[in-house]
Amino acid sequence: MIAVIDFGSQYAHLIANRIRRLKVYAEILLPETPLEELKKYKGIILSGGPQSVYGEGSATIDPGIFKLGVPILGVCYGHHLIAHLLGGKVESGMTKEYGLAQLSIKKSSGLFAGISGETQAWMSHGDTVTKIPPGFSIYGSTADCLTAAMGDAKRRIFAVQFHMEVKHTKKGLLMLDNFLKLCKVERTWSMQKFMKRKLEEVKKMIGERKVFLLVSGGVDSTVAYALLCKALGPERVYGLSIDTGLLRKDEAKKTDALLKRAGIKNFHIYDAKKEFLSALKGETDPEKKRAIIGTTFLEVQAKVAKKLKLNPDDWVLGQGTIYPDTIESKGTKHSDKIKTHHNRVPEILKLIEENKVIEPLAELYKDEVRALGSRLGLPDEAVWKHPFPGPGLGVRILCTKKAVPVPNQAELEKKINDHLASHGLRGVILPIQSVGVGGDSRSYKHPLVIWGKKQPWKKLETLSTALTNRFTDINRVCLLLHPQEIHSVKVRPGTLTAPRIALAQELDDIVVTFTKREKIEDKVWQFPTVLLPIEVNGEVKEGVVLRPICSDEAMTAHFYKMPLPLLEKCVKKLRQKASVVLYDITNKPPATIEWE
Ligand code: XMP
């Protein structure tokens, strides 16, 4: 077994996910774990985290681990911590680096065996190691970070500034594989074994009770349902599908048909449109909207349970929660809250404490959930469906009562436009905000819209990363698709009302139909359409953003580079209905996939 010490990184569990792919079992532990307990592991990985090692009260580890004689690997915060504890130095860097960088390998051995020359690495950090500890040497550097990789081969301690666990670090899996070789571990983990263990755990936890599961027709809840049925028998699992009114057009009907085709029959659809609309009335704050949606789900579930006269002592609430839902909701001790997922509101946390919730997929990422779903015999249409967030269109309809001023707008826009001019582009910052993530922390900042000379997607991607890295008041960059330029932007106050929801459903349906017809469904992981409360160039209509992304497990994502002729077709269908059509060209981080 490998120990992954979780310093609160958004990606700590992704390290465990990658190690599982390499057929080794990894356990996540807190930094406070006593040294005695750490002795049983064959290797220790120190994860990233949102803090600075030199910050007061920041998380640390017993330096005794360096004397255990097992290989140790530090990633980001873990890299800083190794430098800090072993006599090196860490300082706040001038540029915060989020996104892709070219790593130049200096030594092709140890962690880097079989890797040479230049390779793509993925960064998300503000602090930098400015002096490596005695005994260490530099194994790799990037243009902005001389100490991107360091190691002491003799003691088998390696540390990297970049995140090797994310897919965008091209040779990341090979590096982890090299680390496992240094640890001399056996490769025996498999999804089959995981399933067997889970089935036993479910039986043990539920005992004589039954499960009341919230099913949405999405991948996670469908796989959770199939797993619970296999463990307990279908008669002891009751599914409830709640129509929040924030679903895609006609989705409730489609869900009914899909679940039946997937062999799930013991479920009931409850129409809760009125409950959700009235609970959300007038709310504009994204976190409050999410909390209201999560709580309303529970209230409706309790109402239905009462109607069905279910004895609360006999029933456990089941949810298809997966790992990212937990981590992004500040689900681990040292992590920062990015957003509250609908299945992580305080009422649920209380039920979890009372042992009244079962979440059989809580350790897994989407790619693993899909593998498990296939193993359970679910059809591809259920397993490979695009993910759709629990709060649905509720987080894709931006709400505001007034314009949000941009700090020093004129000065900032001038600086940005000076930067853009060399590319033949112009830009304007929108007076609204959206959620993002950077260096393991949440951000709530303004989007920048750019237009002008046509550029290849690759160039736009580099530019978008450079802009969000340099101008810290923006966390998203969007390309203007319609109209050709922006002369004026006015905020159009709006909350979650029936007409806005209907408009969002109509626009989303146009995009979903387009995605299917043009056969790009398999090329994107998810394709949100976002409604913006703004009017552009005096046209009295809302704005719309296209947000197609590519990802594996939602912790990092790339915007989809749609072929231009297709994009033009899509815009044609939307431009009558919106005053502005934008294409989000921001990766995650610094933006999140959803806008709220
Ligand atoms: P973000 O926006 O954080 O989203 O990059 C990551 C993935 O999670 C989905 N998402 C949710 N799923 N409940 C869910 O079940 C939620 O509250 C929620 N919020 C975001 C999002 O669609 C993306 O796939």
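This report describes selected strands, a helix pair and several backbone features of a predicted model.

## Strand E3 and its partners

Strands of a sheet pair through backbone hydrogen bonds, in either a parallel or an antiparallel sense. Strand E3 spans residues 43–46. Strand E1, residues 2–5, pairs with E3 in the parallel sense, and four bridges connect the two. Within this pairing, Ile2 has Gly43 of E3 as its bridge partner. Strand E4, residues 72–75, also runs parallel to E3 and is joined to E3 by three bridges. In that pairing, Ile45 stands opposite Leu73 of E4.

In a regular strand, side chains alternate between the two faces of the sheet. In E3, Gly43 and Ile45 point one way, while Ile44 and Leu46 point the other way. All four of these residues, Gly43, Ile44, Ile45 and Leu46, are buried.

## The five-stranded sheet

Five strands form an open sheet in the order E12-E11-E10-E13-E14, and their pairing is parallel. Strand E12 (267–271) and strand E14 (357–358) are at the edges; each has a single partner strand, so one side of each is left without a neighbour in the sheet.

Within this order, E10 is next to E13. Strand E10 covers residues 210–214 and strand E13 covers residues 315–318; the two pair in the parallel sense over four bridges. One of the paired positions is Phe212, whose bridge partner in E13 is Leu317.

## Packing of helices H16 and H17

Two packed helices are described by the angle between their axes and by the distance between the axes. Helix H16 comprises residues 498–517 and helix H17 comprises residues 564–574; the two pack at an angle of about 150°, and their axes are 10 Å apart. Because angles over 145 degrees count as roughly antiparallel, H16 is roughly antiparallel to H17. The crossing of these two helices is right-handed.

On the H16 side, the contact is made by Leu507, Ile510, Val511, Phe514 and Arg517. On the H17 side, the contributing residues are Leu566, Lys569, Cys570, Lys573 and Leu574. Sorted by class, the contact of H16 with H17 has seven nonpolar residues, three charged residues and no polar residues.

## Positive phi at two lysines

Most residues other than glycine have a negative phi, and most peptide bonds are trans. Lys184 has a positive phi of about 55°, although Lys184 is not a glycine. This residue lies in the loop between helix H4 (172–183) and helix H5 (191–206). Lys184 has a relative accessible area of 65% and is exposed.

Lys309 likewise has a positive phi, near 55°, in a residue other than glycine. Lys309 is located in the loop between helix H9 (286–307) and strand E13. At a relative accessibility of 74%, Lys309 counts as exposed.

Lys588 and Pro589 are joined by a cis peptide bond, with omega of about -20°. Pro589 is placed in the segment after strand E25 (580–584). The peptide bond from Pro589 to Pro590 is also cis, with omega near 10°. Pro590 is likewise in the segment after E25.

Definitions and conventions:
Residues numbered from 1 in each chain as written. Predicted model: local features only at pLDDT ≥ 70, side-chain atom pairs only at ≥ 80, totals over all residues. Heavy atoms only, no water. Axes fitted to C-alpha atoms, helices over the stretch in contact; angles between N-to-C directions. Parallel < 35°, antiparallel > 145°, perpendicular 65-115°, else oblique. Left-handed = near helix turned anticlockwise from the far one by under 90°. Contact = heavy atoms within 4.5 Å. Nonpolar A, V, L, I, M, F, W, Y, C, P; charged D, E, K, R; others polar. Pairing = 2+ DSSP bridges. Buried < 20%, exposed > 50% of the residue type's maximum accessible area, 1.4 Å probe, protein only.
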